[in-house]
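Please have the sequence and the model open while reading.

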Amino acid sequence: MRNDLIKLANLLLDYSKADQTQIAFTINEEAFSRFNENFIHQNMMNKKISVDIKVAIDNKLGGITVSDISDIEKLKNALDKAISIAKLQPPSKTFSNFPILKEQIEPKRIDSDIINFSANDRADTIKEVIDYAKSLSLVANGTFSITKGEKLIVNSHGLESYSPYGHGFFRTIMNNGLCTGYADEVITKMSDFDVMYAAKWAADKALVCNDPIRIKPGKYTVLLEPIAVADLLRFAGMHTFSGKAFEESQSFFSENLGKQVIDSRLSIIDNAHHDLSPLLPFDDEGVARKQVEIIKNGIANDVVYDSSTAYLYGKEPTGHAGSYNFPMPAFMMMPKGNKSREELLAKIDNGMIITRFHYTSCPEPYRVVATGTSRDGTLWVENGKITKRINNVRFTQSVLDTFSNVIEIGDDLRATRDWWSSFISLVPSLLVNDFNITGTTTF
Amino acid sequence: MILTSQAQQLFSGGEKVKQELQQGIKLAQEKGARYADIRFIKRNQERITVSGDSITGLNQSEDQGIGVRVLYENGWGFAGLPAGSMHEVPELLIKAVDEAINIAKASNRVNTEKIELAPAPSIEDTYHTPHKRNPFDVKVEEKGQYLLDALAEANIDDKIRSRSGHIRLFRDEKYFASTENSYIEQTLLQTGGRMNVVATGKGQAQTRHFRDHGSGGWELLENMNLHSRAKILSEEAISLLDAPSCPTEKTTLILGGSMVALQLHESCGHPTELDRALGSEATYAGTSFLNPEDWRKTRYGSDIVNIDMDATIPGGLGTYGYDDEGIPAQNTRLIKDGIFNNYTTSRDTAPRFNQESNGAMIADGWANFPLIRMNNISIRPGDFTLDEMIKDTDDGVLLDVSKSWSLDDKRMNFHFGTELGYKIEDGEIVSMLKNNAYSDLTPHFWQSCDAIGNKDSWHVWGRPSCAKGEPVQIANVGHGAAPIRLRDVEVGIHE
């Protein structure tokens, strides 16, 4: 469809009477199979077409989004409407220009096995998981999704960024009626996806269910598994690493750039081009995503920019415009450590494993104080051994403090989504001390 | 049914759409569906964003498409396809029905147990949101200037680092047909907005915001008094910079109505959704502490706590005529005299309790599978004024306006942060507080409620951002709320 989209885009750019024009075409297809109580309760596909037109006339901005690409006249009408909208506005004080073409971007290479994965394939995969759950007297719950499509962004400065995309996501909860276990996998190559590995990982956790106890609030040694680490990192991504928050003095980096902010063994690099990243090689303005070294050996080093924030503050865009109205990282990566899971556990005399969190939030964004409860596998560890399940816990602590209290770093680097699915990040397990538990749940 | 002449003009349905959708239903039946519904939806949205003294964005969007849901033997299948125009619909319906049937057949590779549907009436009707002034007809200049003028009032001091806001307009034209011989046309119209100010200084940033939305026209926004509120927001944000932090203690908590709205949403609206209680949303949104065996037995709150789900409240953001299974909007008492009384249900979950659906199955547009969604979750008002509550409190805090929220996956343990806080001593507010939060277990929280604000302090707050499901769907919901008082609640951020 690439050539058809480019042809449409060029017709519209030629037609446009605006000073500047930006057009983004997205053709997105999603398929979701959801299962619960050992049966599929939702099974669906949808296809959406979106044409996002933005224009600028004398620094006045107008935008319109339509969903029909079958008729060029309709698209021209939409463009005219965007221009009419722009003319109604006062000049923007924050807009300079749409991004200038800097480099041609290679389209992403997509796994054809993912693109061709059918509803029957999803159902058969889910059946494997359900059969395994039943064999252990567990109930399986989960989601298997495939997302695919293509995106083209052009503007009147000659920018033309195109790429197809396609990735999958599988997750499951195993439940024995009292206790749950969870596993998930971001799928960028279907042949690498081992659904039974995920099913067994989740089942093993559900089966640690010996009289869960409630622990007292206090500071604990905690092994944060990668999904939990990604959830904490999310808040720094939103509130600390954004160029807009930084420039508006709302980021902890605003007054601490160049200073040690977390453990010196940790670095955070944003690199959407990594093999395990399902993201496009360009941002929502078509700008090539740059690799940004946000934290270097624990020292606050850099932040990410979209074009409007960059031009407003005299910086270079880093390719981090997204669906939010401010720049954010895309694919944050922490380097892996050299400790196996067994070696990490061996360092815990009395402490816990947290598999993942639920509904985390950030009541104090400047210091990145986050809170949330654990779920689907909060396990007590004594003398290096998992001994029992404990009721889920609430933590309340600055993410920067948590990342400063690192004892060891795991070698289990993996791509994972945070609970909100704001980001997909590549992170290892972290063993931390003084993790602040402020409450417990009843289960 | 109230139907204004303006609403009638908005709606452009007709016999042609009805014939096409009914043809699609017939096709699904011919292909073996034992149930099918089809929705053709045209959605228009407009968002005007403002930052400082400039309009920074004016975006209009329109899309339309069809969603076909079928139940084939023991499995559901759904297909959503975009429709450029009505002319494409006949051809698209053939594709979508085929796709939905194929997906449903795939479900049958796993499913063996029969899915029962609660009865549904056969309905032919229309519903249109009553309104005075269609917000899509108001000139863009007028809308933008309205918000700019309001935010100009917030420009009171150099400490105000950021002033921003937006206006959000929403309209759905929905056409629904099902194998129950139902055909329903609806137009849902919503209007609302938000203002944010940020004050910075002394190494901190303090934010204040106001937001509200409802079903109705431009008159809703004009009645929100944004101009007078904007200056107050800035004054409060600046004051917060010098305010002491909320103490960390167990104390009496008075919650303002805006915060009660969020509390109702998170700790009553979601846990009473039956699909969550059954585990259907476990991997993402979570489940519920209100287990099926607790139905009509468990004490949820104190005797004075009565909470309704009511899709018929005039002006409520969750108000509609019919849900996406063709069930009429209705009022269901979720919590009755403090006892958990009802779940929010759908046609395929209500039979678990030998109940009929209470009409809360809603999809986000044409492209999504309907889910059980709260509509307007409201606490019934009590007798107190806010002043009376404060005067009747020896020691405590008054907190309001959501800043952050976090709950466990059964909605039992929660932690909410608020922008505004005040210390109460001997029946009087003595100081402002910042970095405010409170946390508790849901049953303890509501069981400690000993005062509820009266009718005059009750307002239906609109929240157009309820996320649920995979793929994530957004629902627009309302919450009728008044200030409430709770005893022995943990407050403060326990770092």
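I307(B) stands opposite I335(B), a residue of β10(B). This pair belongs to the antiparallel pairing of β9 (residues 307-310) with β10 (residues 331-336) of chain B, which four bridges join. The model is predicted: local features need pLDDT of at least 70 and side-chain atom pairs count only at pLDDT 80 or more, while totals for chains, interfaces and linings use all residues. Residues are numbered from 1 along each chain as its sequence is written, chains are lettered from A and ligands numbered from 1 in the order in which they are written, and side-chain values use heavy atoms, with hydrogens and water left out.

**Sheet in chain B**

- An open sheet of four strands in chain B has the order β11-β10-β9-β14, with antiparallel pairing.
- Its edge strands, β11 (339-340) and β14 (377-379) of chain B, each pair on one side only.
- Strands are DSSP runs of E with at least two residues, numbered from the N terminus, and two of them pair if DSSP finds at least two bridges between them.

**Interface of chain A and chain B**

- Chain A puts 88 residues into the contact and chain B 73 residues, where contact means heavy atoms within 4.5 Å.
- The two chains, A and B, bury about 6,600 Å² between them, and 52% of this lies on carbon and sulfur atoms.
- Buried area is the accessible area (1.4 Å probe) that two parts lose on being put together, summed over both.
- Six salt bridges are found across the interface of chain A and chain B, each a side-chain nitrogen of Lys or Arg within 4 Å of a carboxyl oxygen of Asp or Glu.
- A salt bridge links R34(A) and E470(B), with the closest N and O atoms 3.8 Å apart.
- Between chain A and chain B, 36 residue pairs are in polar contact (both at pLDDT 80 or more).
- A polar contact is a pair of N or O atoms within 3.5 Å; within protein, one must be able to donate a hydrogen and the other to accept it, and residues adjacent in sequence count only if both atoms are side-chain atoms.
- On the side of chain A that touches chain B, strand β2 (residues 39-57) of chain A gives the most, with 12 residues.
- That side of chain A consists of 26 nonpolar, 38 polar and 24 charged residues.
- Here Ala, Val, Leu, Ile, Met, Phe, Trp, Tyr, Cys and Pro count as nonpolar, Asp, Glu, Lys and Arg as charged, and the others, Gly among them, as polar.
- Strand β3 (residues 60-66) of chain A pairs in the parallel sense with strand β2 (residues 54-72) of chain B over four bridges.
- V66(A) has E62(B), in β2(B), as its bridge partner.

**Domains of chain A**

- Chain A is assigned domain 1 (2-197) and domain 2 (206-233 + 336-440), with bounds from an automatic or database domain assignment.
- The C-alpha centres of domain 1 and domain 2 of chain A are 31 Å apart.
- In chain A, 16 residues of domain 1 are in contact with 17 residues of domain 2.
- Domain 1 and domain 2 of chain A bury about 1,300 Å² between them, 60% of it on carbon and sulfur atoms.
- C179(A), Y182(A) and V186(A) supply 38% of the area that domain 1 of chain A buries against domain 2 of chain A, more than any other three residues.
- One salt bridge is counted between domain 1 and domain 2 of chain A.
- D184(A) and R414(A) form a salt bridge, their closest N and O atoms lying 3.2 Å apart.
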